[in-house]
Amino acid sequence: MSGRSTFGGKKRRRTTSRGPRHERGPGRQGEIKLAFFVAIVGVVLTVLGVGTEFWVELAPPKSFYDNQTCLTAYYGLWKGCTKTLWVADIDPERESCGPAELPGAAAAESNCTYFKFFTTGENAVMFQKTTQKNLNVATAMLAMFSLFLMVMGAICITMSLSKEILFFLKPAAVCFILSGLLVLLSLLVFHQSVLALLASEHTVPLSHHLSWSVSCIGCAGAVLIVGGILFLLLALPCSPWQRCLPHKDGSS
């Protein structure tokens, strides 16, 4: 009786008598491990971006407070931070306060507080501007669901490598491609939340700059989609190149 496809390209056979087991495909295993490494890179970048708060940096003009210091703020999915900087340390060609990587002017360089979106449902206020909690919560939920899909995809790849069954590559490919799309969608929703924050009040002029956490998330989405496509190609019964360029026998 025929069963599932294995790495060797043959079928797993069930026999009552003792017989030869299915052949291993070390080449196919190496390809799957390489694609899995690509997907793991995307997972690590996603975790790094989701866990850090350097998604966007908000800064008024450095001369707004008319003193030797200015205030900048940055936040991510879970918490926001404010930081007081020396105006003398800022690049003279830069009009706004920042960047946040500069050493702080106060003893406590940054003051961070967790958002109350997920507990009491309160909006946060930064520079007299109010956040839109619905958009912020939607961004966090999209990011968390994408992480869940990554875990499911990793489980499918682990099952495929341990059981040597190609069938698990297809759901893994779907999980990683969907997780990459959700990660990119979370970036779009987050950018809309930033624009809504800036439009909520116009008393304090602010400039915003997307920071390195967003770069991690954007790269992670692209890498995850590439990894999912690789798994989808590996799940095919034969290489697309073999279909387009079939091997010719020596007699022909």
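## Helix packing and local features

Helices α3 and α4 are roughly antiparallel to each other, because the angle between them, about 160°, is over the 145° that marks this class. The model described here is predicted. Helix α3 covers residues 169–199 and helix α4 covers residues 212–234. In passing α4, α3 makes a left-handed crossing.

On the α3 side, the residues that make this contact include L169, A173, F176, I177 and L187. On the α4 side, V214, I217, L224, F231 and L234 are among them. Sorted by class, the residues of the contact of α3 with α4 are 16 nonpolar and six polar, with no charged residue.

Helix α3 also packs against helix α2, which runs over residues 133–163. The angle between α2 and α3 is about 165°, which makes α2 roughly antiparallel to α3. Their crossing is left-handed. The contact of α2 with α3 holds 23 nonpolar and nine polar residues, and again no charged ones.

| Helix pair | Angle | Distance between axes |
|---|---|---|
| α3 and α4 | about 160° | 8 Å |
| α2 and α3 | about 165° | 8 Å |

An unreviewed UniProt entry annotates residues 34–56, 135–155, 167–190 and 210–236 as "transmembrane region". Two of these spans can be described further. In the model, residues 34–56 are 78% helix and 4% strand, and the C-alpha atoms at the ends of the span lie 33 Å apart. Residues 167–190 are 92% helix and 0% strand, with 36 Å between the end C-alpha atoms.

Aromatic pairs are a further feature. The whole structure has eleven of them. One is formed by Y75 and F190, with the ring centres 5.8 Å apart and an angle of 55° between the planes, a tilted arrangement. This pair joins distant parts of the chain: Y75 lies in strand β2 (residues 69–75) and F190 in helix α3, and the two are 115 residues apart.

Two loops contain backbone features. The loop between β3 (79–86) and β4 (110–114) holds P99. The peptide bond leading from G98 to P99 is cis, and its omega is near 5°. The loop between β5 (125–126) and β6 (129–130) holds F127. F127 has a phi near 55°, which is a positive value in a residue other than glycine.

Key: Residues are numbered from 1 along each chain as its sequence is written. This is a predicted model: local features need pLDDT of at least 70, side-chain atom pairs count only at pLDDT 80 or more; totals for chains, interfaces and linings use all residues. Side-chain values use heavy atoms; hydrogens and water are left out. Axes are lines fitted to C-alpha atoms, for helices over the stretch in contact, and angles run from 0 to 180 degrees between N-to-C directions. Angles under 35 degrees count as roughly parallel, over 145 as roughly antiparallel, 65 to 115 as roughly perpendicular and the rest as oblique. A crossing is left-handed if the near helix is turned anticlockwise from the far one by less than a right angle, and right-handed if clockwise. Contact means heavy atoms within 4.5 Å. Ala, Val, Leu, Ile, Met, Phe, Trp, Tyr, Cys and Pro count as nonpolar, Asp, Glu, Lys and Arg as charged, and the others, Gly among them, as polar. UniProt positions are given in the numbering used here, feature names are shortened, and annotations may be inferred rather than shown by experiment. Rings of Phe, Tyr and Trp (its six-membered ring) pair if their centres lie within 6.5 Å; planes under 30 degrees apart count as stacked, over 60 as edge-to-face and the rest as tilted.
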